[in-house]
Amino acid sequence: MNSPGQTTPLLEVRNLSKHFGAVRALNDFSMVVRPGEVVALAGDNGAGKTTLIKAISGVFQPTGGEILLRGQPVTFATPHEAREKGIETIYQDLALADNLSIGANIFLGREPMRKAFGFLPVLDRKAMAVAAKKTMGRLDFHVSRLDAPVSNFSGGQRQAVAIGRAVYWDAQILIMDEPTAALGVPEQRKVISLIHQLKAQGRGVIFISHNLLDIFAVSDRIIVLRRGVQAGERKISETNHDEVVKLMVGG
Amino acid sequence: MTSTSPTEQSETHVAPQADHGDPARTWLGRIAEGRAWLFLAGLIICFEVWSRASFGATFVLNPFNVQSIAIFAVAPLLLATGQTFVIISGGIDLSLGFIMGLAAVVAAHATNLAGAAMPVPLAMMVGILAAVIVAGVPGMINGLLISRLRIPPFIGTLGMFGVARGAAFLLAGGTTVPVQNSWFALLGNGRFYGVPYLVIIAAVFVVAMHYILSQTRFGQHNYAIGANVQAARRAGIDIRGHILRLYVLSAMCAGLGGALYAARFTAGAAQAGEPLLLDSVAAVVIGGASLFGGSGTIFGTVAGALVIAVIQYGLVFVNVEPFWQFIAVGVVIIISVLIDQAQRRFSGARQDE
């Protein structure tokens, strides 16, 4: 695990551009994320936030610029490659299979197997349950009914499961796209507290939100996008809501 | 934007409480899950009482009745086993009935042809194998249509329903194809310590399919795809490959059903599975699967298939006009779905909706 004091950034984006024909969705954008740092991305609809995270997570190939992971230049042909390198995206629409347990969701697509009676390969549900309990424990999320389908849990709890999956597979950078948008107020607080846990573990978080209260509650820095370019970057401790709103609307 | 007071509150770590375990709801859930077996028990008691009251004879303790019901249930159960996988994935396979008919005709022809060139038991094996493999072809086409060309399962398999039907009748020359093979006839009608071979084969097959559904990655991915295709894709599951394998598997179940039909009647008939398709869907639904995908079990389907077989055989046994069978099965399907929905409303619903 990286210590927060380390100088090499976890992720660095240099002069990244993405053009769709004549539309410059993202233009010459640069940012860094250091270990244990939460960087908020803010901006109006269409400002380029989604384009940026899609480029970082391997959904789009950028038109220009480069992405460096711990100082090494990387390119991702698919989201799968980005995930293998430790970049995990958590979507607001909760990408879980609701009928499966927490463990089964954490291991979905890469389930552990064991041999029953010495020869018959079967799903190792016990290993999944143990890993689920341990992982969710690290997020200060304690469950006793590990066999229950995740549909029994609330939105915030399910968001915690999605984060737990990223933590289990040792994602170093978590991109969270409006993680609190679909949730009620108490649930939003739980997710915010989960982000504090991730920060304490030395991971980097890119946090996208429309909610300035959430951004100010959890972020170290805020980067504002406007029409595909960086409109400003501030330390949270040195700015306020009014300034951020001005940057967003260009006033 | 929300109207909470800012930062300080969010700083305190609120440990989420994960359990909503309400024992009463869990009990309701258990009853709903096992409802097919409850139906079955209720039906058997019902027919037992009816039979004793009308004829002074036992229904379920008569081994002949039990054997007949078991044999009766074999073919719909084999179709329903494949159908269970497909319905859990969120699809449906309407072509299974005529794939079974096609397989029955292929089994008859192949056994007869092979019989001329090789020993009788080997010819039987060739016939069964040919039926299962040929059945896999329309299954593969179904899978390709649905996974590559994105045709909805209902339409794709409805088309294949017609294609398989025509192919089966063409291959059979419009009639039934008798099988000349003593081993094949023995397989279809013989018994091992009183248990028909057909029932033994079906039981072994069903256990194997239960293993695939509940203990392998294929089964696990099937549930995930049925619940949330998007999540399954993001988790790196090969959806196209899975769907292809899924429809081949269900068609091969129908293929085995066709081969066993040919063994039981020592003849292959294109219309062998025609009345069984909707029974297979009904068995899966009575067995507790949701037509929206994501839930269901093989043993639930076994109970569902037995419920239908007991209704059909039992009503004949107590001498009720056969048309009541349709009404009884229909009523059971509707009650089954009502229980499923009630259970979902009480315990499955998300807390934040």
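How many helices and strands are there in chain B? Chain B has 15 helices and four strands, counted as DSSP runs (H or I of at least four residues for helices, E of at least two for strands) and numbered from the N terminus. The model is predicted, so local features need pLDDT of at least 70 and side-chain atom pairs pLDDT 80 or more, while totals for chains, interfaces and linings use all residues. Residues are numbered from 1 along each chain as its sequence is written, with chains lettered from A and ligands numbered from 1 in the order in which they are written.

**Packing of α5(B) and α7(B)**
- Helix α5 (residues 96-115) of chain B packs against helix α7 (residues 153-172) of chain B at about 25°, with axes 8 Å apart; axes are lines fitted to C-alpha atoms over the stretch in contact, and angles run from 0 to 180 degrees between N-to-C directions.
- That angle makes α5(B) roughly parallel to α7(B) (under 35 degrees).

- Of the 353 residues of chain B, 49% count as buried (20 or more other C-beta atoms within 10 Å of a residue's own, with C-beta atoms placed from the backbone).

**Contacts**
- B:Ala103 touches residues including B:Ala131, B:Val134 and B:Gly258, leaving aside those up to four places away in sequence; contact requires backbone-placed C-beta atoms within 7 Å.

Methods
Angles under 35 degrees count as roughly parallel, over 145 as roughly antiparallel, 65 to 115 as roughly perpendicular and the rest as oblique. Two residues are in contact if their C-beta atoms, placed from the backbone, lie within 7 Å. A residue is buried if 20 or more other C-beta atoms lie within 10 Å of its own, exposed if 12 or fewer, and partly exposed in between; C-beta atoms are placed from the backbone.
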